[in-house]
Amino acid sequence: MGQLFLIAVRNLVSHRRRTLMLGGAISGVTMLLVILLGLLNGIRSTILESATTLMTGHVNVGGFFKVTAGQSAPVVTHYQKVLEVVRANVPELDYVTERGRGWAKVVSETGSMQAGLSGIDIRNEPGFRHVVQVKQGSLDALNEPGTILIFEDQARRLGVRVGDVVTLSAYTLRGTANTVDVRVVAVARNVGLLSIFNAYVPAATLRALYALNEGSTGALLLYLKDIRDVPTVEARLREVLASAGFQIMDKDPRAFFQKFEVVNRQGWTGQKLDVTNWEDEVAFIQWTLTAVTWLSYVLIGILLIIIAVGIMNTLWIAIRERTREIGTLRAIGMQRTGVLAMFLVEAFSLSFAAALFGAALGLLACAAVNAAHLHAPLSVQLFLMREELHFAVRPSVLVGSILLITGCTTAISLIPSFLAARLQPVTAMHRVG
Amino acid sequence: MKTSLVLTLGLLLASSVLAAPLADQGAVLQVLKTIDYRQHNSGDYKSLAYLEQKEKDKTDIAREALIYRRDDDEKLMILFTKPKGEAGKGYIRLDKNLWSYDPGTGKWDRRTERERIAGTDSRRADFDQSKLVEEYDATAKGEGKLGQFDVWELELHVKPNTDVAFPVVKLWVDEASGNVLKRQEFALSGRLMRTLYYPRWQKLYSESKKAEVWYPGEIRIYDEVEKENSTIVVLKSVDLRPLEANIFTKAWLEAKSR
């Protein structure tokens with residue numbers, strides 16, 4: 001084996017130009033694969049971190065309250081009773097927060113926008129401070145009633161700064177117009193799609209806007225010690241809440257605001273609870289992740305085909321050039337498997353070295369972009385869920401990429417290697433040119 | 001004979017209240033009753049409406065719609081005919097539910113009765129019969145001048161357990177004609193939300209009511225939260241002849257949308 005490896009290396013070195021071209025192509029594809037997978041992992045981890053802090057828990061107990069059949073609101077009444085059932089039946093619980101949910105028009109002196117309002121109690125939101133980076137003002141000021149946190153782009157659109165007052169205008173559960181004047185106390189950095197339509201007010205302010213009592217909230221956001229427990233906890237909660245006498249909505253894996261149309265069409269009135277998980281609540285952005293994943297696979301597939309054709313061609317040329325050498329080797333006793341192994345080792349050595357180099361380059365490129373804090377274009381920010389490009393390259397991804405590229409290129413070299421091994425020694429030795 | 005006697009008495013009572021100071025609560029109530037009665041038609045109602053919507057930083061949008069009413073059955077239907085993109089869209093009120101129809105998707109959506117119509121500053125109530133007596137308690141806030149008109153100023157508060165979009169309304173009623181000239185609507189918080197002006201009132205004799213039905217020829221609606229937004233509604237070609245019996249159905253609106 002050592003001899004075969006030596007022959008392979010010497011052969012690669014002697015055909016430096018060909019080796020560099022093919023090795024460069026393999027390195028390029030590996031680098032691209034590492035970068036793409038790093039980007040995908042970056043988006044996925046950002047979604048998990050941002051979305052599960054800003055708009056959903058790992059598991060949520062939300063629901064709708066309907067005064068009339070056609071008028072629903074994302075409200076959970078008597079949420080303390082629901083909370084008791086949750087605490088008694090979810091030992092996996094790390095912590096739980098209650099969030100008001102609403103949709104209102106935010107109006108300033110110079111502009112207006114529609115926004116999804118979350119009513120939060122900032123003292124009970126430990127994860128919030130990690131995700132939301134305040135650019136102006138202070139998160140603690142959100143403790144005071146009549147305040148609001150908005151994001152940079154929203155502040156720009158409304159033409160407001162910290163200290164300015166904006167009006168929230170919405171309709172109560174009974175359809176009565178109501179307004180609340182709130183003071184901007186914090187302007188946070190954008191977090192992609194979520195910062196376009198989300199704004200945060202104290203829970204009491206949201207209740208005042210919707211004329212709700214103290215016992216009402218939008219949803220209970222449950223954060224578990226281990227996110228892998230989500231399916232078990234979700235299924236258990238459905239059962240225990242139903243046995244506790246609560247009406248539970250059928251499973252609909254979509255964000256709560258996508259369900260209004262369906263809920264308004266149903267004839268029931270009163271309260272129904274909806275148990276969802278974080279993936280349901282971010283389903284509207286999951287498609288982007290799926291699209292990027294598939295696009296990457298297609299791109300990598302095409303590149304792999306190109307590399308495969310290149311490898312096959314190169315090996316064909318090598319075999320043609322070394323036909324007499326193969327004949328001689330066969331004549332002095334090398335078995336067909338030996339010839340096969342010789343070409344395979346050569347292809348493997350080239351692929352592995354090139355893939356290793358490409359992966360290292362990819363890793364360096366990702367690290368450089370992360371360190372440079374490069375701002376992504378606005379349209380890209382929507383999908384990245386953050387302002388900056390962020391790559392998350394895991395060791396498993398790195399090893400996987402090297403193995404995939406090396407495996408594919410070695411496998412493809414089986415065909416020409418096998419054909420070389422089938423050459424008759426006499427025919428091979430008489431071959432001219 | 002009996003009907004015309006009641007109507008005559010009603011009108012006599014109404015005219016005795018008009019052009020006089022509002023001495024007591026009874027007189028205030030009578031003003032509201034007169035406003036409601038004048039706009040009510042016991043038969044059917046059809047009109048052509050033009051809605052011109054102005055919004056900040058947006059191009060003005062003009063819409064044309066047909067309004068159908070059957071007041072005694074509390075039926076209302078709005079069918080948009082122009083512009084092309086809006087044609088076929090419509091609203092219908094069935095048993096206290098307001099449904100909207102979009103021919104693009106072929107879907108019906110249940111909406112709140114207090115929702116904006118087609119995204120403009122107008123609401124269902126602006127096109128419907130007046131129900132001030134049923135929905136509000138009124139108090140007189142004195143007399144004043146609105147331009148060259150002598151007016152009564154009334155403040156209306158929603159009755160308990162009644163669902164309305166605006167719990168407080170202020171009315172400026174022309175002392176001479178009894179018509180509403182200006183209306184201001186306030187949110188639960190007390191903030192002024194909309195101001196409406198009724199510069200032109202028109203009347204038409206109704207065979208079914210055996211009396212005249214009044215309708216505003218024009219309504220100017222100003223959004224008081226987003227100050228630069230406004231909507232002008234012009235009502236034309238009012239027709240009080242009976243409509244087809246089965247007109248207030250989803251099927252009819254769908255058929256007209258095709």
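**Exercise 1. In this predicted model, work out how many residues of domain 1 of chain B are in contact with domain 2 of chain B, and which elements they come from.**

Step 1. Count both sides: 11 residues of domain 1 of chain B are in contact with 7 residues of domain 2 of chain B.

Step 2. Look for elements that give two or more residues to the domain 1 side; you'll find β12 (211–223) and β13 (230–239) of chain B. The largest share, 3 residues, belongs to β13(B).

Step 3. Sort that side of domain 1 of chain B by class, and you get 3 nonpolar, 6 polar and 2 charged residues.

Step 4. The domain assignment of chain B gives 2–42 + 131–236 for domain 1 and 63–125 + 242–257 for domain 2. Taken over C-alpha atoms, their centres are 24 Å apart.

**Exercise 2. Describe the secondary structure and overall build of chain B.**

Step 1. Tally the elements: chain B has 5 helices and 13 strands.

Step 2. Check the radius of gyration. For chain B this is 18 Å, close to the 18 Å that the globule rule gives for 258 residues, so chain B is as compact as a globular protein of that length.

Step 3. Get the extents: the C-alpha trace of chain B spans about 55 × 50 × 35 Å along its principal axes.

Step 4. Ask about burial and contacts. Of the 258 residues in chain B, 34% are buried. Take the contacts in chain B between residues at least 6 apart in sequence, and 47% of them join residues at least 24 apart.

**Exercise 3. Decide whether helix α7 of chain A is mostly covered or mostly open, and say what lies over its buried residues.**

Step 1. Go through residues 203–210 of chain A: 7 of the 8 residues in α7 are buried, which leaves the helix mostly covered.

Step 2. Name them. The buried residues in α7(A) are A:Ala203, A:Thr205, A:Leu206, A:Arg207, A:Ala208, A:Leu209 and A:Tyr210.

Step 3. Find the cover, which includes β3 (93–107), β4 (112–120), β7 (165–171), β8 (177–188) and β9 (198–202) of chain A.

Step 4. Step past the end of the helix: A:Ala211 follows α7(A) and has a positive phi, near 55°.

Methods: Residues numbered from 1 in each chain as written. Chains lettered and ligands numbered in written order. Predicted model: local features only at pLDDT ≥ 70, side-chain atom pairs only at ≥ 80, totals over all residues. Helix = DSSP H or I, 4+ residues; strand = E, 2+ residues; numbered from the N terminus. Rg over C-alpha atoms; globule rule 2.2 N^0.38 Å. Buried ≥ 20, exposed ≤ 12 C-beta atoms within 10 Å, placed from the backbone. Contact = placed C-beta atoms within 7 Å. Domains from an automatic or database assignment. Nonpolar A, V, L, I, M, F, W, Y, C, P; charged D, E, K, R; others polar.
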